[in-house]
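Reader: I should like to learn how to read this structure. Could you take me through its features in turn?

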Amino acid sequence: MVTSIILSGTAMGCIYALIAVTYNVMFSASRVFSFTAGTLGMIGGVLGSLFIARMGLPVFVGFPLALAGGALLGIVTEIVAVRPVLKSLDQHLYVLSTLALALMIQQFTAIEWSTEPQPFPRLFDIARVDFDQQYWLPMLACAGVIVGLELLYRHTLIGHAFLAIAEDNYAARALGLPERRLRMTSFALAGVIGALAGFAGGEMLLAFFANAPMLTFYGFVPVALGGMGNNRGAVVAGLLLGLFQQTANFLVGGIFASVAVFTVFIIVLLARPEGLVGSALQRRV
Amino acid sequence: MSLTRRQVLSSGAAAIASTIAKPAIAAKEPILVGYLPALTGPSSSTGVGINRGIQLAVQEINAAGGIDGRQIELITRDTQSDPTKAVNGAAELTRGQKVSVVFGPVNSGESLAVVPLLARTNTPQVHPCWVDTLTDPKKYPMCFRNAPTNQQIGGAANRYVVEVLKHKKVAVISDTTGYGTASVNAYVPMLKAKGADVVYQGNVDAANPDLKPELLRMQSAGAEAIMPWSVNAGFLSRIINTRGQMNWDVPIVGQTTLGSGQTKALLEKPDYWAKVYPNNFRPVCYSPDGKLTDRTSAFLDRLKSAKIEMGDTLLWWIALGYDSPRMIAEAMKNVGSDAEQVVGYLNNLKEFPGVYGDMSFTPDRHDGYPDEEVVMVEANSLNNGAFKLAPGYSA
């Protein structure tokens, strides 16, 4: 039983962490919490199933195509739902615009894809074992994204540019950084990470349009717990969330597991509003 | 211009003649039957299947001369699986089109909204929805159900587990939808009344990707059968897959969706579908020796000759659709299309011979489907939209 909690809890935690990182990457570039993060995850699973299971493309073709679909959707998010409301961030109109876009994509998927969950293909034709690919694929994806982002942010020029606009948008623009193009690239990157979450978790979550609100919801918890914009905090909180959720499933089961998760979430936020890993925001006066 | 006596007389005669001719013309007017299927939207698979049977039946009735020379005109309003659109459609059918009778909606969620509305307009209604409260001869005296109730569905599954499979320790699980929780709440007391011990009872979020905790809990409680109540193919397939992964050899007995193509598509191995027994209906099932009844075989032949697709739907949906306009036509052939007369006829209908089942109503009971025809079947025996009876049923 403990093995099962650890395996499925860690795998789900990795998917939540990846969605949380998707939120953060979009937030860093624009100061906007885009509620399309879960939708990007859902689209990764649906496109993976479409390309590989339905169209019969090999995995090495279907996988990059699914990620490209996520990147495209990330760019569309930036153009349609984020850019028009950037001038009035204090009015929080992005909540409406990103939620509306997320709902439109979700409903379009339901109509064009299916309202029923569809099978996601087994990516590697190997025998099922306890530590199955449905568990290690999300873990591998999460580890890959963490390492990749660290390398990108610390060792590449474009990574430094991302950090610069995340740190101080106006100063970065004053230095001549192409803020709009960097923001669009960030949203494309977020789209890739979100789609990767849904693709890697496809064998667990299936290709189902209703995964979008579930991922949007549970993916936001690690963002709040880990501190907004803090990727390390998001990964730690995501893993904790997955493990706690599975433990609650085992111990109390059914709908009470969700109640337990959100009770702990509320208690943590009451005790540490800045999140478990984040630091209290200091405002210049 | 002055009128002569002859002109006055001839115009008067023409007026009288036209008045006399009116009933004869009216008799040739079509009988308008309102029809509220969900042909699109998330719950449309049932409606699409039922629609194939309805269209065939109406074609056959009209080709045979209609009802006393009057053709049936089906006025269809697609509810799009949406209760609001179903209500709009019902209002238009009764107030705008002034139909004689309404068939549908075909999903319970839509019927919950439409049944009270039609009751207020005094329009006879026939629907096939399972939620128990959707018929009530006192509140809705013109509403009839030509399908089983949820009580009959749960009762058949419970009978199969306790009396046929002889299992006493039962796990009952559902998703957290209204249908799921209501089913568990209704069926658990019924199981206990039959002497079963419900060792596990739970409502689980259908989006939960890992149901192993729930099945481990059932296993450790000593469950000998799992009874899932959900229409969510993803949820049901996870239960079946997890049972397979655990090599746990208990039967799964419950909702018809357990036998659907969507559930099958989500199974990790085809073998996992063994010992899965969903609800179905005896007249449209293969007997243990693999045969259909003569009536159903003849119906299947008619479907094949009419080139009606069966591979992507279920035979009982088509049969139910086929029987519905025939039952309404039978009433109108005998008593005409007046609402009160149609209701009076249906109130005393005895064993109307349907492909789906023989339908009977009384003034106090508007649920027409016979208890004994609700059975369980082998999920992995699907052929031409029909299943084989589960082990333990006699031919």
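Author: Chain B has 12 helices and 12 strands, where helices (H or I, at least four residues) and strands (E, at least two) are DSSP runs numbered from the N terminus. This is a predicted model, in which local features need pLDDT of at least 70, side-chain atom pairs count only at pLDDT 80 or more, and totals for chains, interfaces and linings use all residues. Residues are numbered from 1 along each chain as its sequence is written, while chains are lettered from A and ligands numbered from 1 in the order in which they are written.

Reader: What does the C-alpha trace of chain B span along its principal axes, and what percentage of its residues count as buried?

Author: The trace spans about 105 × 40 × 35 Å. A residue is buried if 20 or more other C-beta atoms lie within 10 Å of its own, exposed if 12 or fewer, and partly exposed in between, with C-beta atoms placed from the backbone. By that rule, 50% of the 395 residues of chain B are buried.

Reader: How many residues of chain A are in contact with chain B?

Author: Two residues are in contact if their C-beta atoms, placed from the backbone, lie within 7 Å. In this model 22 residues of chain A are in contact with 19 residues of chain B. On the chain A side, helix 1 (2–30), helix 9 (202–205), helix 11 (231–251) and helix 12 (254–271) each give two or more residues.

Reader: Which residues of the largest nonpolar core touch the most other members?

Author: In soluble globular proteins, nonpolar side chains tend to be buried together. A nonpolar core is a set of buried Ala, Val, Leu, Ile, Met, Phe, Trp, Tyr and Cys residues joined through C-beta atoms within 7 Å. Here the largest has 190 residues, and those touching the most other members include A:Ala17, A:Leu18, B:Ile226 and B:Met227. Helix 1 of chain A supplies the largest share of this core, 15 residues. Among the contacts of A:Ala17 are A:Cys142, A:Pro222 and A:Leu239.

Reader: Is B:Asp68 buried or exposed?

Author: B:Asp68 is exposed, with 12 C-beta neighbours inside 10 Å. Its phi is positive, about 50°, although B:Asp68 is not a glycine. By contrast, B:Lys275 is buried, with 20 other C-beta atoms within 10 Å. The phi of B:Lys275 is also positive, near 55°, and this residue is found in the loop between helix 9 (261–265) and strand 10 (276–281) of chain B.

Reader: What span should helix 11 of chain B have?

Author: The expected span of a helix is 1.5 Å times one less than its number of residues. Helix 11 (residues 315–335) of chain B has 21 residues and should therefore span 30 Å; its end C-alpha atoms are 31 Å apart, which agrees. Because 16 of those 21 residues are buried, helix 11 of chain B is largely enclosed by the rest of the structure. B:Gly336, with a positive phi near 85°, follows helix 11 of chain B.

Methods: Lists of a residue's contacts leave out its neighbours within four places in sequence.
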